[in-house]
Amino acid sequence: MKSFKDICNEVPSLFYPEALGTEIIIEFFECSCEHMSDTEKLKDAYTTATQLSNLTVVNEHYHRFEPQGVSLCITLAESSIGTHTYPEYSYAAINLFYCGKQVQIDKCIQVLFEFYQPKKILIKSFPRGVF
């Protein structure tokens, strides 16, 4: 399986050392994942993603919509992750906001990439709190 870097035309900087934090917006298109409405499978994937990338989960909430789709919000000691899945469009929208030099956010994105199995990716990043 290719990495997210292999299929993304341009991966922006995922860390801005001069900023208080980094915000990353990820769009996964044409996802092959069969579990985009399964809150337990999503929780497993996000637990792995946060653990491997040195993120500390403080609180989490997963809401399943009928007939499909999930919105989730994970509060981190290092900030937050928000995701909205649209299985009917094979699409997932992910917002990551983090701070801290120990975070390996590329590992988080790789785990989510492996879970959703998108054919196309769009990633944008922004430095936050630059004085």
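When I say two residues touch, I mean contact, with heavy atoms within 4.5 Å. Okay, so here's our structure. It's a predicted model, so local features need pLDDT of at least 70 and side-chain atom pairs count only at pLDDT 80 or more, while totals for chains, interfaces and linings use all residues. Residues are numbered from 1 along each chain as its sequence is written, and side-chain values use heavy atoms, leaving out hydrogens and water.

Let's start with Phe28. What does Phe28 touch, not counting residues up to four places away in sequence? Among its contacts are Ser90, Tyr91, Ile109, Phe113 and Ile121.

Phe28 also belongs to the largest nonpolar core, which has 33 residues. By nonpolar core I mean buried Ala, Val, Leu, Ile, Met, Phe, Trp, Tyr and Cys residues joined through side-chain atoms within 4.5 Å, and buried is under 20% relative accessible area with a 1.4 Å probe, protein chains only. Along with Tyr46 and Tyr116, Phe28 touches the most other members. Elements giving two or more residues include strand 1 (21-29) and helix 3 (105-116); helix 3 gives the most, eight residues. Helices here are DSSP runs of H or I, at least four residues, and strands are E runs, at least two, numbered from the N terminus.

Now the strands. Pairing takes at least two DSSP bridges between two strands. Strands 3 and 4 pair antiparallel over six bridges, with Cys73 opposite Gly82 and a hairpin of two residues joining the strands. Strand 4 then pairs with strand 5, again antiparallel, over eight bridges. There, Thr85 has Ala92 as its bridge partner. In that hairpin, with four residues between the strands, Ser90 takes a positive phi near 55 degrees.

Technical notes
Buried means under 20% relative accessible area, exposed over 50%, partly exposed in between (1.4 Å probe, protein chains only).
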